[in-house]
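Colleague: I would like to go through how the two chains meet. Can we take it step by step?

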Protein chains: 2
Amino acid sequence: MRNTTFRTQVCSVARALEVIGEWWTLLIVREAFFGTERFSDFEDRLGIAKNVLSERLSKLVQSGVMTRTAANGRGNPQIYRLTEMGRDLLPIVVALMQWGDKWINRETGAPIRVIERKTGRPVCPVELRGEGGTSLRLEDLRVATGPGANVSIRQRFRDE
Amino acid sequence: MRNTTFRTQVCSVARALEVIGEWWTLLIVREAFFGTERFSDFEDRLGIAKNVLSERLSKLVQSGVMTRTAANGRGNPQIYRLTEMGRDLLPIVVALMQWGDKWINRETGAPIRVIERKTGRPVCPVELRGEGGTSLRLEDLRVATGPGANVSIRQRFRDE
């Protein structure tokens, strides 16, 4: 039911959430950014049930966010790695972490810092920028239709 | 059960997802960015069941992402607006939209474009940047512990 409604939404936010919208899914991607590759390591580090993890990982492989390969070694463990599509989620995961640091973990301070290796300094807050590099806020923006707009989007966001 | 596990995770991604991790929640925030304020408009534009919408909006108000005020007019409609905490989700929603445009709606093209009013040009792809302004990829980064790290995070991400 929820899925049916979503498929009728062409908006890329809605369609992206179909792929990575569930809690566990994005936390699995976060773990992969931290370097986790083996099923058993995802399981231990996330404290997630085997069947849920297995289902989510399969969905991520199916959607093209991760690849699964069999590694050598005891029990031929499955290795999960991010594809380019998956690695492209990095700004979203870091932005979510920064938002949580700022608004939810404010009193305790950030549990984790993402550091630029070369400088040893934390990465900048993820921001919205215009072509000239200016940082943009909501009031600086408007919404226009793109080439993939359907009739209802066109009616709603008529170009000004 | 899912919630219990999450509360033990201090990571800000996990805690941010507790607030905005559900599909509908982030789509409600997207709608608010588009200017939607009234309960009935959220209902129409999202195609969401009244009880689900009502529950999600209350959760967003409770968490501090939105405010609810009664407006004048027929039936004293409830008006929902983003707080500063909510407006701070803008880069995340736009980054998610751009990711969906690039990886999911690729053939049809972007349904919606986010435009800088002043220049009339689309906003830049949301990126991770270092202090000098360099665009950063996964291999440019390492993870370090922050002030809010607990024992298990400290053991895992020992500063190098």
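Modeller: A definition to begin with: a salt bridge is a side-chain nitrogen of Lys or Arg within 4 Å of a carboxyl oxygen of Asp or Glu. Note also that this is a predicted model.

Colleague: Which residue of chain B forms a salt bridge with E31(A)?

Modeller: The cut-off is 4 Å. The closest N and O atoms are 2.7 Å apart, and the partner of E31(A) is R156(B).

Colleague: How many salt bridges are there between chain B and chain A?

Modeller: Polar contacts across this interface come to 38 residue pairs, both residues at pLDDT 80 or more. For salt bridges between chain B and chain A, the count is 8.

Colleague: What area do chain B and chain A bury between them?

Modeller: The contact involves 91 residues of chain B and 91 residues of chain A. W23(B), W99(B) and L138(B) lose the most area in chain B, together 10% of what that side buries. Carbon and sulfur atoms hold 64% of the buried area, and the total is about 8800 Å².

Colleague: Which strand of chain B pairs with strand β4 of chain A?

Modeller: A144(A) has R113(B) as its bridge partner. The pairing is antiparallel and runs over 5 bridges.

Colleague: What rotation superposes chain B on chain A?

Modeller: The copies meet through the same surface, because 100% of the interface residues of chain B are also interface residues in chain A. The shift along the axis is 0.0 Å and the RMSD is 0.0 Å, with a rotation of 180°. The two copies are therefore related as by a two-fold rotation axis.

Key. Residues numbered from 1 in each chain as written. Chains lettered and ligands numbered in written order. Predicted model: local features only at pLDDT ≥ 70, side-chain atom pairs only at ≥ 80, totals over all residues. Heavy atoms only, no water. Least-squares fit on C-alpha atoms with pLDDT ≥ 70 in both. Contact = heavy atoms within 4.5 Å. Buried area = accessible area lost by both parts, 1.4 Å probe. Polar contact = N/O pair within 3.5 Å; in protein donor to acceptor, adjacent residues only side chain to side chain. Pairing = 2+ DSSP bridges. Helix = DSSP H or I, 4+ residues; strand = E, 2+ residues; numbered from the N terminus.
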